[in-house]
Amino acid sequence: MCTRIKNTISETIDVKIGVPQGSNLGPLLFILYINEIDSLLKHSKIILYADDIALVSINYKHDEMLKNLQDDFDVLQRELLKDDLYINEDKTKWMLIKTSHMQNINCKRLYIHTYKCNKINLDGGVDKCQHTCLEIKRVTNFKYLGIILDDRWNFEGHINHLIKKIRCMVPKLYSLKDILSLKCLKSVYQAWVESHIRYGLEIYYNTAEYRIKRLQRLQNKVIKMLFKKFDSNKNTEEILEENKIKNILKLRNAIIIKKYYLEKNCLKRFTL
């Protein structure tokens with residue numbers, strides 16, 4: 001490898017491991033590394049998005065569920081180590097998603113085994129942990145692919161985070177409302193506010209109604225602040241309709257129809 005800046009080229013060096021960041025080769029080689037990981041797991045479901053990996057273990061028997069999760073995690077770690085890929089210990093967490101009547105469950109510990117541990121030792125040995133390995137921290141909520149998941153699956157943390165983020169934008173939006181045209185304001189609203197609301201909406205909408213109403217009231221406040229000056233006699237619903245902006249319920253329905261009906265039907269017609 002070498003580095004080129006205009007017509008100047010550095011000395012070349014041999015690279016024994018790794019690829020340049022941002023190269024086309026990187027994603028391709030990574031896919032080759034992990035392409036068959038899911039076929040190695042016996043008990044858990046694996047969810048992959050680039051290098052973000054989640055293991056899901058479902059079982060009515062609590063101890064068996066955690067054992068299955070640990071066993072498959074060991075298999076996953078062993079396979080990654082074979083290819084010189086390492087799990088980020090700081091970012092690895094685990095969460096028990098439960099109902100309210102499961103509050104007093106005493107959980108077993110889950111571990112990330114070190115490469116020297118016999119549990120994942122590539123050179124073989126007795127299948128026994130040396131108890132020098134890192135315990136995985138249990139959390140009650142965790143941000144995964146931009147959505148805050150919680151152990152009650154009620155998305156309260158995500159909605160609170162979303163409301164806080166939009167409220168921080170209100171002063172900036174207020175300073176723009178008397179400067180920009182209607183068309184520009186709509187573009188700013190869609191980029192700064194609606195983009196955050198619509199991301200994962202079809203998932204986090206399945207929460208308590210009062211949480212969605214909190215988000216809806218904030219959307220109404222932003223809409224009135226931005227567009228009321230163009231017609232002060234209209235209420236929020238009329239402003240939304242006139243500017244072809246969807247409230248949260250209509251936005252969620254539109255996303256579901258587009259993703260799970262129109263796109264799938266178009267794909268079927270294309271394949272047929």
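Reader: What share of the residues in the protein chain is buried?
Author: In this predicted model, buried residues account for 30% of the 272 residues in the protein chain.

Reader: And how much accessible surface does the protein chain have?
Author: The accessible surface is about 19,200 Å², and carbon and sulfur atoms contribute 53% of it.

Reader: How many helices and strands are there?
Author: The protein chain contains 8 helices and 10 strands.

Reader: I would like to look at two of the helices. At what angle do α3 and α4 pack?
Author: Helix α3, residues 156-176, packs against helix α4, residues 182-198, at about 170°, and their axes are 10 Å apart. Because angles over 145 degrees count as roughly antiparallel, α3 is roughly antiparallel to α4.

Reader: Which residues meet there?
Author: From α3 they include Leu162, Ile166, Met169 and Lys172, while those from α4 include Leu185, Trp192 and His196. The residues of this contact divide into 10 nonpolar, 1 polar and 2 charged.

Reader: A change of topic: where does Leu48 lie?
Author: Leu48 is part of strand β3, which covers residues 45-49.

Reader: What separates Leu48 from Ile37?
Author: Their C-alpha atoms are 9.8 Å apart, and the two residues are 11 residues apart along the chain.

Methods: Residues are numbered from 1 along each chain as its sequence is written. This is a predicted model: local features need pLDDT of at least 70, side-chain atom pairs count only at pLDDT 80 or more; totals for chains, interfaces and linings use all residues. Side-chain values use heavy atoms; hydrogens and water are left out. Helices (H or I, at least four residues) and strands (E, at least two) are DSSP runs, numbered from the N terminus. Buried means under 20% relative accessible area, exposed over 50%, partly exposed in between (1.4 Å probe, protein chains only). Accessible areas come from the Shrake-Rupley method with a 1.4 Å probe; for residues, only the protein chains shown count as cover. Axes are lines fitted to C-alpha atoms, for helices over the stretch in contact, and angles run from 0 to 180 degrees between N-to-C directions. Angles under 35 degrees count as roughly parallel, over 145 as roughly antiparallel, 65 to 115 as roughly perpendicular and the rest as oblique. Contact means heavy atoms within 4.5 Å. Ala, Val, Leu, Ile, Met, Phe, Trp, Tyr, Cys and Pro count as nonpolar, Asp, Glu, Lys and Arg as charged, and the others, Gly among them, as polar.
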